[in-house]
Amino acid sequence: MSLFLTFEGPEGSGKSTQARLLYESLHARRFPVVLVREPGGTRIGDLIRRIVLDLQHTEMAPTTETLLFSAARAQLVSEVIRPYLEQGGIVLCDRYADSTYAYQGYGLGRDLAELRVITNAATGGLRPDITVYLDLSAEEGLERKRRKRQGLPPVEQRAVPVEWNRLDARELAYHERVESGYRELISADPARWHVFDARLSIESLAAQIEAVVEPYLATIRTLEATP
Ligand code: TYD
């Protein structure tokens, strides 16, 4: 068996910190685990990331943006995610297809049915087993990210470097559409999504997320157990 877990949430929700903590914990317990982020996670994907998030690329058409995220995802699925799952490993992915539905679909108003077709082509239909959602209002998330970027005192919990990208720079209304889009995605598939309050402490969130993952671990062979 394998496990494919994705992290989703608005900007500044602390998902990258939680993804890293879960990775470190599973790695220390000798589970075969890999952590990747979108867009990126491969050499080609990192190049696409630079194009799609560059603040200077203000002329980028929504279709271009959608296809670039999907191209980075196609590469990540074929180069890393699928092979690792086929070996019985655990893949942790910081953002995945739900980000496209939330940001390009609900945020930019792209047709959701069309996004599903594009996403299926990019992923070969690969869906996560579990999705962890760190819940924070769009306003609070952007404020956290802004403070971090300006080097202001840490009123929030992200322990990773913060970049301010083309998509962060979009107006608050856009981020609010993304947030309510996530709510629709969650209510359409509640069994897959595990929602946590992103304002809880780093430690408490990490413990709660690990508790969700725990039952799945019984089916994963640890590195010692591999012949
Ligand atoms: P990043 O700096 O990784 O932000 P975060 O820490 O919030 O994940 O930038 C990723 C940005 O790309 C973020 O604003 C969400 C956006 N995005 C999309 O719009 N569509 C997508 O399909 C993906 C994967 C990300």
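Residues are numbered from 1 along each chain as its sequence is written, and side-chain values use heavy atoms, with hydrogens and water left out. Because the model is predicted, local features need pLDDT of at least 70 and side-chain atom pairs count only at pLDDT 80 or more, while totals for chains, interfaces and linings use all residues.

A nonpolar core is a set of buried Ala, Val, Leu, Ile, Met, Phe, Trp, Tyr and Cys residues joined through side-chain atoms within 4.5 Å; buried means under 20% relative accessible area, exposed over 50%, and partly exposed in between, with a 1.4 Å probe and protein chains only. The largest nonpolar core holds 23 residues, and Phe4, Ile81, Cys93, Tyr96, Leu126 and Tyr182 have the most contacts inside it. At least two residues of this core come from each of α3 (62–86), β3 (90–94), α4 and α7. Such names refer to DSSP runs numbered from the N terminus: helices (H or I, at least four residues) and strands (E, at least two). There is also a second, separate core of 22 residues, with Leu22, Leu136, Leu205 and Val212 among them. Within the largest core, Cys93 is one of the residues with the most contacts. Contact means heavy atoms within 4.5 Å, and, residues up to four places away in sequence not counted, Cys93 touches Phe4, Leu5, Thr6, Phe7, Val36, Glu38, Leu76 and Ile81.

Arg50 counts as exposed because its relative accessibility is 63%. The C-alpha atom of Arg50 is separated by 9.7 Å from that of Asn165, although the two residues are 115 apart along the chain.

Next come the empty spaces. Rolling a probe the size of a water molecule over the atoms shows where empty space is left. On a 1 Å grid over the protein atoms alone, a cavity is a set of points where a 1.4 Å probe fits but cannot get out, and a pocket is an open set with protein on both sides within 12 Å along at least five of seven lines; lining residues have an atom within 4 Å of a point. Grid points are joined across faces, edges and corners, and a volume is the space filled by probe spheres set on the points.

The second largest pocket has a volume of about 310 Å³. Its lining consists of 19 residues, and Asp98, Tyr101, Arg116, Arg127 and Arg192 lie nearest its centre. Helices α4 (97–107), α5 (112–123) and α7 (172–188) each supply at least two lining residues, and α5 gives the most, with five. By type, this lining has 10 nonpolar, four polar and five charged residues. Here Ala, Val, Leu, Ile, Met, Phe, Trp, Tyr, Cys and Pro count as nonpolar, Asp, Glu, Lys and Arg as charged, and the others, Gly among them, as polar.

A search of the whole structure finds one cavity of 30 Å³ or more. About 40 Å³ of space lies in the largest cavity, which is lined by Pro10, Glu11, Tyr103, Ala138, Leu142, His175 and Val178. Two or more of these lining residues come from each of α6 (138–149) and α7. Asp168 sits in the loop between α6 and α7 and counts as buried because its relative accessibility is 2%. Leaving aside neighbours within four places in sequence, Asp168 is in contact with Glu11, Leu142, Lys145, Glu163 and His175.

Finally, some backbone details are worth a look. The peptide bond from Glu38 to Pro39 is cis, with omega near -10 degrees, and Pro39 lies in the loop between β2 and α2. Arg30, in the loop between α1 (15–28) and β2, has a positive phi near 65 degrees and counts as partly exposed at 39% relative accessibility. Arg95, in the loop between β3 and α4, has a positive phi of about 80 degrees although it is not a glycine, and counts as buried at 13% relative accessibility.
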